Amino acid sequence: MKNCVACGMPMNVSSDFAMNDETRNYCVHCARSDGTMKSFDEIKEGMTNFIIQTQGLSREAAENAALLVMKNLPTWKSHFV
Ligand SMILES: [Zn+2]
């Protein structure tokens, strides 16, 4: 099992991976339709909206929660210096 390097989501089955490709290090939610990985801002925005929908947080709280997750991922290290 791998975790997405961009959002931390566990990827268990091939449909969790970008382009159904288990050799990729990022998940289907973090891939653009052409298969490339989304940018920091695109992923932050997607996670923020996801948290608002699933947890009903305010936009500001959801954005903070998204940033907290991303802060723990080495992929985005350079965004938090
Ligand atoms: Zn992801």
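The following legends describe close-up views of a predicted model.

Residues are numbered from 1 along each chain as its sequence is written. Because the model is predicted, local features need pLDDT of at least 70 and side-chain atom pairs count only at pLDDT 80 or more, whereas totals for chains, interfaces and linings use all residues; side-chain values use heavy atoms, with hydrogens and water left out.

View 1. The SG atoms of Cys4, Cys7, Cys27 and Cys30 coordinate the zinc ion at 2.3 Å. Donors are N, O and S atoms within 2.8 Å of the metal (3.2 Å for Na, K and Ca); water is not among the atoms, so sites may look incomplete. The four donor atoms subtend angles of 106 to 115° around the zinc ion, and the arrangement is therefore tetrahedral (four donors with all angles between 85 and 135 degrees). For four tetrahedral donors the ideal angle at a metal is 109.5 degrees.

**View 2. Placement of the zinc donors along the chain.** The donor residues of the zinc ion follow the spacing C-x2-C-x19-C-x2-C in sequence. Cys7 lies in the loop between strand E1 (2-3) and strand E2 (10-11), and Cys30 in the loop between E2 and helix H1 (40-55), so the pair ties together parts that are 23 residues apart in sequence. Helices (H or I, at least four residues) and strands (E, at least two) are DSSP runs, numbered from the N terminus. Cys7 is buried, with a relative accessible area of 14%, and Cys30 also counts as buried, at 2% relative accessibility. Buried means under 20% relative accessible area, exposed over 50%, and partly exposed in between (1.4 Å probe, protein chains only).

View 3. Lys2 is found in strand E1 and counts as partly exposed, at 29% relative accessibility. Leaving aside residues up to four places away in sequence, Lys2 touches Met9, Pro10, Met11, Phe17, Glu22, Thr23, Arg24 and Asn25; contact means heavy atoms within 4.5 Å. The C-alpha atoms of Lys2 and Phe17, which are 15 residues apart along the chain, are separated by 9.5 Å.

View 4. Met19 lies in the loop between E2 and H1, and Asn20 has its place in the loop between E2 and H1. Phi of Met19 is near 55°, a positive value in a residue other than glycine. Asn20, although not a glycine, has a positive phi of about 55°. Met19 is partly exposed, with a relative accessible area of 46%, while Asn20 is exposed, with a relative accessible area of 52%.

**View 5. The two sides of helix H2.** Helix H2 comprises 13 residues (59-71), which at 1.5 Å a residue should span 18 Å; its end C-alpha atoms are 18 Å apart, in agreement with that value. The expected span is 1.5 Å times one less than the number of residues in the helix. The buried residues of H2 are Ala62, Ala66 and Met70. They cover an arc of only 75° around the axis, which puts them on the same side of H2; the arc is that of the directions from the helix axis to the C-beta atoms. Glu60, Leu68 and Lys71 are exposed on the other side of H2.

**View 6. Helix H1 over the buried residues of H2.** The cover of the buried residues of H2 includes H1. Lys44 has its place in helix H1 and counts as buried, at 17% relative accessibility. Not counting residues up to four places away in sequence, Lys44 touches Glu63, Ala66, Leu67 and Met70.

View 7. A search of the whole structure finds two aromatic pairs. The rings of Phe40 and Trp76 have their centres 5.5 Å apart and their planes at 70°, so the pair is edge-to-face. Rings of Phe, Tyr and Trp (its six-membered ring) pair if their centres lie within 6.5 Å; planes under 30 degrees apart count as stacked, over 60 as edge-to-face and the rest as tilted. This pair links distant parts of the chain, with Phe40 in helix H1 and Trp76 in the segment after H2, 36 residues apart. Both Phe40 and Trp76 are buried. The rings of Phe40 and Phe80 are also edge-to-face, because their centres lie 5.8 Å apart and their planes at 70°. Phe80 lies in the segment after H2 and Phe40 in helix H1, so the pair ties together parts that are 40 residues apart in sequence. Phe40 has a relative accessible area of 11%, whereas Phe80 counts as partly exposed at 27% relative accessibility. Ring pairs link Phe40, Trp76 and Phe80 into a cluster.

Notes
Four donors count as tetrahedral if all angles lie between 85 and 135 degrees; four count as square planar and six as octahedral if opposite donors are over 155 degrees apart and all others between 65 and 115; anything else is irregular.
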